[in-house]
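Colleague: I'd like to learn how to read a few contacts in a model. Can we go through some together?

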Amino acid sequence: MRFTSSLVASALAVGASAGNNYLGFNSGATLADRSAKFKADFTAEFKTAQGLKGAPGKFNAVRLYTNIQAYSQDDPIQAFEAAIDTQTSVLLGVWASGVDNIDNEINALKKAVSQYGTKFTDLVIGISIGSEDLYRNSVTGVKNKAGVGNSPEAIVGFINNFKTAFADNPLGKIPVGHVDTWDVWPNATNKAVLDAIDWIGVDEYPYYENGKGNNIKNAGNLFDHAYDATIAAANGKPVWVTETGWPATGPDWDQAQPSVENAKYYWDEVGCRKLFNKTPTFWYNLRDSNPDNTMKFAVTKDLSTTPLFNLTCPTTFDTNPSSSSDKPSGTASRPTGVTAATATSGSVSGTGGSAAATTTGSRSGSGTVQKLSAASYAGVAIAGVYALL
Ligand SMILES: *[C@@H]1O[C@H](CO)[C@@H](O)[C@H](O)[C@H]1NC(C)=O
Ligand SMILES: *[C@@H]1O[C@H](CO)[C@@H](O)[C@H](O)[C@H]1NC(C)=O
């Protein structure tokens, strides 16, 4: 029995990080007015995250969607400097939708490593090659006009590109993952991606699970069902929850209603009961930055350290663990590309309206951002995913 050194190295890296149940938020490259975030913007975010009153732990990790400073070709994102200054752990992201290579992402990250050295690399806890690309690429994503994604073959190619480019780099040993919506993982057509990664990132939004009784009181059950399906598909690989949350304001979505009270209930029943300090968790979100999403997910206003609701965890919960094995009727998968792009990465392209048609246009290396119209959120998920489970 022979292991290559890289296999052993990645196994060790996974082992090391698996023990640390990071708490963090997601952070895109741009603000709500689509302007670039600079170092001061990221620093303000990271300080607020760490200073949140009543938080059930220290939110001193962040998940990024791109290595590239917004609107630049391949300059390192200034979040890196802010992370160094605030000692924030970084889950790196590579933007992989609607692109045929990740060269600029690789260049930006290599520049950061040579510029900042171990001050930076010591904070890096992993990297996700892509974010919801397979969801956008799926029949559900296409139906929902979630925007241009990418194929499993392309994602595997990018994973290999990253590993080759960083083989002799200090970041060569970080655990490599891919983030996607939960229904992507049991899909056998995506297995090559699962096989290529060290850890699985899952984005889960019971709020968007229309047709499944997505009222707030059922949110914990819907979360558990999707989470369990992901764990079952994961084949023993660690599962990190890379996005989850409930909006405090915005329109209803089937039975789901945004409100501060419901956002608090979701925080308790999903975050406190199931995730915080139990598994690496990146909550959605500290700050809203997707101008096209009318649902607002921020847990605080204007980066105040006084949150919208009491973040302290209760000791008892409503969600009955046994009911999570009851498969909800109806369909799978949230119907949106809502969080991924605009909340997130680099340069803005596209023109809103019919989101699926808008991926071209000015695309810089920092990843194309889709503007998603309300129409993007409409539509229903396909039936039959449960048949795969
Ligand atoms: C399964 O994954 C493939 C490849 O990503 C995708 O084309 C297909 O639509 C997915 N199937 C479902 C039911 O989502
Ligand atoms: C916040 O919630 C916790 C747990 O339920 C409770 O003990 C605490 O008193 C609450 N704090 C405030 C300010 O309401």
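Colleague: Which residues are around ligand 2?

Modeller: First, the ground rules: this is a predicted model, where local features need pLDDT of at least 70, side-chain atom pairs count only at pLDDT 80 or more, and totals for chains, interfaces and linings use all residues. Residues are numbered from 1 along each chain as its sequence is written, chains are lettered from A and ligands numbered from 1 in the order in which they are written, and side-chain values use heavy atoms, with hydrogens and water left out. Around ligand 2 (a heavy atom within 4 Å) you'll find N310, T312 and C313. An oxygen atom of the ligand sits 2.4 Å from a side-chain N or O atom of N310.

Colleague: How do I read an aromatic pair?

Modeller: You describe two aromatic rings by the distance of the centres and the angle of the planes. Phe, Tyr and Trp (its six-membered ring) pair if the centres lie within 6.5 Å; under 30 degrees is stacked, over 60 edge-to-face, the rest tilted. There are 24 such pairs here. Take F42 and F46: 6.2 Å between centres and 40 degrees between planes, a tilted pair.

Colleague: Are F42 and F46 buried or exposed?

Modeller: Both F42 and F46 are buried (under 20% relative accessible area, 1.4 Å probe, protein chains only).

Colleague: Which pair is edge-to-face?

Modeller: Y205 and F297 are, because their planes meet at 80 degrees, with centres 5.7 Å apart. This pair links distant parts of the chain, 92 residues apart. Y205 is buried at 1% relative accessibility, and F297 is buried at 2%.

Technical notes:
A polar contact is a pair of N or O atoms within 3.5 Å; within protein, one must be able to donate a hydrogen and the other to accept it, and residues adjacent in sequence count only if both atoms are side-chain atoms. Buried means under 20% relative accessible area, exposed over 50%, partly exposed in between (1.4 Å probe, protein chains only). Helices (H or I, at least four residues) and strands (E, at least two) are DSSP runs, numbered from the N terminus.
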